[in-house]
Amino acid sequence: MPTEKKKGHNRYLTLFFTFLKIGAFTFGGGYAMIALLESELVSKKKWIGKEEFLNVAAIAESTPGPMAVNSATYIGYQIAGFRGAAVATTAVCIPSFVIIYLISLFFNQFLALEYVGYAFRGIQAGVIYLILSAAWRMLKEVERKALPMLLFIGTAAAMILLTVFAVDFSSVYYILICGVIGLMAYGVRRAATRKKEDGAK
């Protein structure tokens with residue numbers, strides 16, 4: 001019994017420090033943190049596989065709230081239930097809360113520092129690389145089938161065209177539309193399978 005308690009205790013500590021690290025070093029939020037999330041959760045800790053990570057990323061990005069928080073809640077629950085979800089979610093929020101709180105205490109003085117502005121410009125360039133790197137990794141993991149590739153090409157083309165013509169179109173709509181198309185494709189495939197089974201009988 002003590003051994004089981006110790007293992008459980010160590011599991012919570014591992015969750016806490018893993019997501020504390022993710023919260024502290026994921027500058028840019030959103031897609032910029034996908035690379036670090038994949039490195040920590042898939043490559044190092046091996047808590048989930050690459051395919052499940054793609055699903056987690058899709059769920060975390062399409063549900064309300066920051067991606068890191070949603071991912072932490074999901075992974076924490078998978079590893080250690082409700083308490084694990086609470087520990088992971090709390091840990092990933094602590095760094096940003098502390099940093100923003102400290103900045104708010106002397107916000108105007110902080111922005112007035114010239115080297116701070118240069119530092120943020122450098123961070124912005126790094127964030128662009130992180131987003132592109134994460135997108136490339138996720139693209140390599142996507143199944144090379146007709147529907148996923150058509151959705152990717154169609155979404156990319158729509159985003160480029162709407163950006164060029166300055167049309168305001170929320171990224172949420174892309175997620176919803178692709179989700180609906182995926183459900184429709186699943187329904188058609190399932191109906192075709194049932195038709196074959198009925199024909200075989």
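Trainee: Of the 201 residues of the protein, what percentage count as buried?

Mentor: Buried means under 20% relative accessible area, exposed is over 50%, and partly exposed lies in between, with a 1.4 Å probe and protein chains only. Here, 24% of the 201 residues count as buried. Keep in mind that this is a predicted model: local features need pLDDT of at least 70, side-chain atom pairs count only at pLDDT 80 or more, and totals for chains, interfaces and linings use all residues. Residues are numbered from 1 along each chain as its sequence is written, and side-chain values use heavy atoms, leaving out hydrogens and water.

Trainee: How many helices and strands are there?

Mentor: Both are DSSP runs numbered from the N terminus: helices are H or I with at least four residues, strands are E with at least two. This protein has eight helices and zero strands, so the pattern along the sequence reads α-α-α-α-α-α-α-α.

Trainee: What radius of gyration does the protein have, next to a compact globule?

Mentor: You take the radius over C-alpha atoms, and the globule rule is 2.2 Å times the number of residues to the power 0.38. A compact globule of 201 residues would come out near 17 Å, but the protein has 21 Å. Its C-alpha trace spans about 75 × 65 × 25 Å along the principal axes.

Trainee: Now the rings. How many aromatic pairs does the structure hold?

Mentor: Rings of Phe, Tyr and Trp (its six-membered ring) pair if their centres lie within 6.5 Å; planes under 30 degrees apart are stacked, over 60 edge-to-face, and the rest tilted. The structure holds four such pairs. One of them is phenylalanine 97 with tyrosine 101, stacked at 6.4 Å centre to centre and 10° between the planes. Both residues sit in helix α4 (residues 67-105), four residues apart, about one turn of the helix.

Trainee: Why does phenylalanine 97 count as exposed?

Mentor: Because its relative accessibility is 59%. Tyrosine 101 has 46%, so it counts as partly exposed.

Trainee: And why is the pair of phenylalanine 169 and tyrosine 173 tilted?

Mentor: Because their planes are at 50°, with the ring centres 5.2 Å apart. Phenylalanine 169 is partly exposed at 33% relative accessibility, and tyrosine 173 is partly exposed at 45%. Together with Tyr174, Phe169 and Tyr173 form one aromatic cluster.

Trainee: Which ring does the charged end of arginine 11 sit over?

Mentor: The test wants NZ of Lys or CZ of Arg within 6 Å of the ring centre and within 35 degrees of the ring normal. For arginine 11, the ring is that of tyrosine 12, with the charged end 5.9 Å from its centre.
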